[in-house]
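Please read these notes with the sequence and the model open side by side.

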Amino acid sequence: MNAFSCSTVDHYTAGMLLSGVGDALGYRNQLWEYNQSGPAIHQELQELGGLKNISVELPDWPVSDDTVLHLATAEALATGKAGEELLHEVAFRYVEGMKDMEGRKPGPSSILGIAQLHPRTEGGYRVPYNPEATGCGAAMRSMCIGLRYPRPDQLSLLVEVAVETGRMTHPHPTGFLGAVSAALFTTYAVQRRPITTWGAGLLEEACPVAKTLVKSAGYAVTETERDWDYFTGKWKWYLDLRGLSLGTGPVTWPDMYGPAERDEAYKSFSLSGWAGRSGHDAPMIALDALLGAGSDWEELMSRAGFHGGDSDSTAVIACCCWGLLYGMDGVPQCNYKNLEYKSRLESVAQKLYALSH
């Protein structure tokens, strides 16, 4: 059996479903995302009886904009459309998704970008270059691209769809390369590539493809090339920090790395002190959590979802990859049984599996 055939429809379902769970838990109806420190969240979590006693359901645990737009991407991909037809379909579903944002806190670049989309008109999936569009809004909705194009020989297609859908709201490379990262890490999870190789694969395999694609697409080339190096430079820094530049490990961890230490570390990953807020560091924190948690669901959520930054966006990425790797093993039923949009997440996972396999 090759690595690719290890991923079953159950793994796809777990990936999509747990992405929504991680989002809802990290968001906590706007109470946790950005609003509290990691230690304070962990304290509150214990007062709630711990993760195993949390029933993730409405009204207290809605999904955020992350899952609404991830579903939009996934359901567009599940139509089986390709090329420009697919891009117009994604743009259309993003516009529709913005009608479902009451209480979900979409980010400024997502709001602005989607307002500028004109699906089904020529070039209507492109928006003007925005030097401020460095946020994680493209990353948090792109994991499913890796489910649609999971084979190593589909890397160029995966990168193209991630870049073009990412640029619909986040034309700055720090923003849209986040979409490439989230899609790539998901496909690596499907392929069962060792997690220690994922960051090096991003820099050595996917980013060069993305740069070539930007040139050939001929849209905002000068601005994109001017702003390119922050993303790759920060990822090189992170891989050096963790001893993963060669993709081999072992991972280098600080002596102390509890909730307080992680809050400080995650800030050091960030663009401006807001951990996980940007396209480079939301996937970076997700990868850091996956490297540290192994198959332990509670530890994954502790690292990816319960910190002082953009906790829903880091968890939505990490939990999708974790579900693909480990399925639903060790996840308490109350965490997902009544999740908002559970049936849509499960349904689109099955469609993406059928299309990709």
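1. The model is predicted, and local features are described only where pLDDT is at least 70. Please keep that in mind for each point that follows.

2. Start with helix α3, which covers residues 65–77 and has 13 residues. From its first C-alpha to its last it reaches 18 Å, close to the 18 Å expected at 1.5 Å a residue. The helix is mostly covered, with 13 of its 13 residues buried.

3. Look next at the loop between α2 (38–47) and α3, where proline 59 is placed. The peptide bond that joins leucine 58 to proline 59 is cis, with omega about 5°.

4. Another cis peptide bond links glycine 249 and proline 250, and here omega is about 0°. Where is proline 250? Its place is the loop between α11 (229–241) and α12 (259–269).

5. Alanine 220 is not a glycine, yet its phi is positive, at about 50°. This alanine sits in the loop between α9 (198–217) and α10 (221–226). Is alanine 220 buried or exposed? Its relative accessibility is 15%, and buried means under 20%, so alanine 220 counts as buried.

6. Tyrosine 341 also has a positive phi in a residue other than glycine, near 65°. The loop between α15 (311–326) and α16 (342–356) holds this tyrosine. With a relative accessible area of 24%, tyrosine 341 is partly exposed. The reason is that partly exposed covers values between the buried limit of 20% and the exposed limit of 50%.

7. Two packed helices are described by the angle between their axes and the distance between the axes. For α14 (residues 297–304) and α15, the angle is about 150° and the axes are 9 Å apart. Angles over 145 degrees count as roughly antiparallel, and α14 and α15 are therefore roughly antiparallel to each other. The crossing of α14 past α15 is right-handed.

8. Which residues make the contact between α14 and α15? On the α14 side they are Trp297, Leu300, Met301 and Ala304. On the α15 side they are Ser311, Thr314, Ala315, Ala318, Cys319 and Trp322. Sorted by class, this contact has eight nonpolar residues, two polar ones and no charged ones. As background for reading such lists, an α-helix has 3.6 residues a turn, so residues three or four places apart point the same way.

Notes. Residues are numbered from 1 along each chain as its sequence is written. This is a predicted model: local features need pLDDT of at least 70, side-chain atom pairs count only at pLDDT 80 or more; totals for chains, interfaces and linings use all residues. Side-chain values use heavy atoms; hydrogens and water are left out. Helices (H or I, at least four residues) and strands (E, at least two) are DSSP runs, numbered from the N terminus. The expected span of a helix is 1.5 Å times one less than its number of residues. Buried means under 20% relative accessible area, exposed over 50%, partly exposed in between (1.4 Å probe, protein chains only). Axes are lines fitted to C-alpha atoms, for helices over the stretch in contact, and angles run from 0 to 180 degrees between N-to-C directions. Angles under 35 degrees count as roughly parallel, over 145 as roughly antiparallel, 65 to 115 as roughly perpendicular and the rest as oblique. A crossing is left-handed if the near helix is turned anticlockwise from the far one by less than a right angle, and right-handed if clockwise. Contact means heavy atoms within 4.5 Å. Ala, Val, Leu, Ile, Met, Phe, Trp, Tyr, Cys and Pro count as nonpolar, Asp, Glu, Lys and Arg as charged, and the others, Gly among them, as polar.
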